[in-house]
Amino acid sequence: MSEILVVANWKSNKSAEDAKNWLTEFSQLAKSVNPSRPVKVVICPPFIDLPYLSWALTTLKVPFPVELGAQNVSPYGEGSFTGEVSAAQLTGLVNYCLVGHSERRINFHETNQEIYSKINNLVTNKISPILCAQNLEEIPQEVGKLPAQEILVMFEPAKAISSEGVYKAESPQTVKETVSLWQEKIGEYRYLYGGSVNENNCRELLDSGIKGFVVGHASLSPSSFLGIIKNV
Ligand code: PGA
């Protein structure tokens, strides 16, 4: 895959109505955006917004591909797991799924074992996992048994995540060193970066050798999200 992946992680934001309004504004503004290199956009909304967005994207006309991702998936299969959504249930709705985001590891105590189960279930169901990790210890060793071309690995230092709209991205030099180290230790995955990406720092971060970003706060408004797409 040669295009730059720009992933929106809406986190626990946006009702069904908000998602509809976001897409309407995005589709109007995006018509005049011409990224200087090939870009693919992936929107990861809350589960409740997926059916509407999946339907609406079939008629969306913007100058780059837009696909969907989930923010989470069950470590189990289908069955008696109240409140969970399995990888099989996501099939046909999404092509990507975030796994192991620091907010899930911290707030929901996700372990590497659960994270590996999620990745394995996603790969089995032909959904590409975006594995989020702060360091090599957060990358389950068993991931090495799975086909690397199916998996994206995101360097996501928790301290770099924006808070209340204040951006504090990791330095491009640190991103570059981290990704080179991970390439050497675990191999040639598609590496992304996440943490305070915005329209002002995205170009410089991209020059550190990553293949795209995961964008939280700056993806909540269509205009700031498109600012990133314009500047990559
Ligand atoms: P942020 O979030 O862009 O708001 O820093 C990124 C993330 O949590 O992955």
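A cavity here is a set of points, on a 1 Å grid over the protein atoms alone, where a 1.4 Å probe fits but cannot get out, and its lining residues have an atom within 4 Å of a point. The model is predicted, with local features needing pLDDT of at least 70 and side-chain atom pairs pLDDT 80 or more, while totals for linings use all residues. Residues are numbered from 1 along each chain as its sequence is written.

A search of the whole structure turns up one cavity of 30 Å³ or more.

As for the fold, eight parallel strands (DSSP E runs of at least two residues) close into a barrel, in the order β1-β2-β3-β4-β5-β6-β7-β8; strands pair if DSSP finds at least two bridges between them. Strand β1 (residues 4-9) meets β8 (residues 212-215) over four parallel bridges, and Leu5 has Gly212 as its bridge partner in β8.

Helix α8 (residues 222-231; helices are H or I runs of at least four residues) packs on the sheet, touching β1, β2 and β8 (heavy atoms within 4.5 Å). Seven of the 10 residues of α8 are buried, that is, under 20% relative accessible area with a 1.4 Å probe and protein chains only. Among them are Phe225, Leu226 and Ile229. The buried residues of α8 pack against β1, α1, β2, α7 and β8.

Definitions and conventions: Heavy atoms only, no water. 1 Å grid on protein atoms, 1.4 Å probe; cavity = no way out; pocket = protein on both sides within 12 Å on 5 of 7 lines; lining within 4 Å. Points joined across faces, edges and corners; volume = space filled by probe spheres on them. Axes fitted to C-alpha atoms, helices over the stretch in contact; angles between N-to-C directions. Buried < 20%, exposed > 50% of the residue type's maximum accessible area, 1.4 Å probe, protein only.
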